[in-house]
Amino acid sequence: MKPVRALLAAVLLAAGTVAGAGGEMPAGKRVAPPAVAPLTLHGVRYEAPPDTRDFGDDQAGGYLVARDARSGRELWRQRIYATAYDPKLESDVQDVFIASLRAGRGGRTLEITDERGRRYTLDLSSRAVQEQGVRNRR
C-alpha cells in the first residue's frame, strides 16, 4: 500500500506544479517579469513598470514612464508596443514585458528590448517609437 501512496503523492505533486526559473510555480503560470533597473538621463528617470493595467489599458507591460528624477513626479508615459491577446488563453501567459532599457546615442534616445527579443528605439524629444527588429538570440 505504501508504494501506491508514494506514487499517488508524486503524481499529484507533478500535476500541481512545474519547475520554473528560480523555484516552483503553479502549472500554467509564467515566471515573474524581468526586473528592469530605472535609467536616469538629464534629470529624468525612465522606468519600465511590470504591470500597466492601471494605466487604463488592457495589457500588462510595454510602457515606459518618465519621472522627474528629484521629485518623482510623473512627466509622461509612452506605450512602446501593443500586445495582442487571444481570449481563449490565460492573459498572464501572453503578457510581454520590457526586458532591457538603455541610453541610445548621446542620450537622445532609449533602446528597449522586450522579452521576445524585439528591439525598439524611443526618440525622447518626439516620443516616436521605431521598431528595430529582433535581436539575435545565440
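Is glutamine 59 buried or exposed? Glutamine 59 is buried, with a relative accessible area of 3%, where buried means under 20% relative accessible area with a 1.4 Å probe and protein chains only, exposed means over 50%, and partly exposed lies in between.

## Basis of the model

This is a predicted model, in which local features need pLDDT of at least 70 and side-chain atom pairs count only at pLDDT 80 or more, while totals for chains, interfaces and linings use all residues. Residues are numbered from 1 along each chain as its sequence is written, and side-chain values use heavy atoms, with hydrogens and water left out.

Glutamine 59 is found in the loop between strand E4 (44-47) and strand E5 (63-68), strands being DSSP runs (E, at least two residues) numbered from the N terminus. Leaving aside neighbours within four places in sequence, glutamine 59 is in contact (heavy atoms within 4.5 Å) with residues including Arg79, Tyr81 and Thr83.

## Aromatic pairs

Rings of Phe, Tyr and Trp (its six-membered ring) pair if their centres lie within 6.5 Å, with planes under 30 degrees apart counted as stacked, over 60 as edge-to-face and the rest as tilted; by this rule the count comes to two aromatic pairs. The rings of tyrosine 46 and tryptophan 76 have centres 6.0 Å apart and planes at 50°, so this pair is tilted. Tyrosine 46 belongs to strand E4 and tryptophan 76 to strand E6 (residues 74-79), 30 residues apart, and both are buried.

Tyrosine 81 and tyrosine 120 form a stacked pair, 5.3 Å centre to centre with 20° between the planes, and both are buried.

Technical notes: Helices (H or I, at least four residues) and strands (E, at least two) are DSSP runs, numbered from the N terminus.
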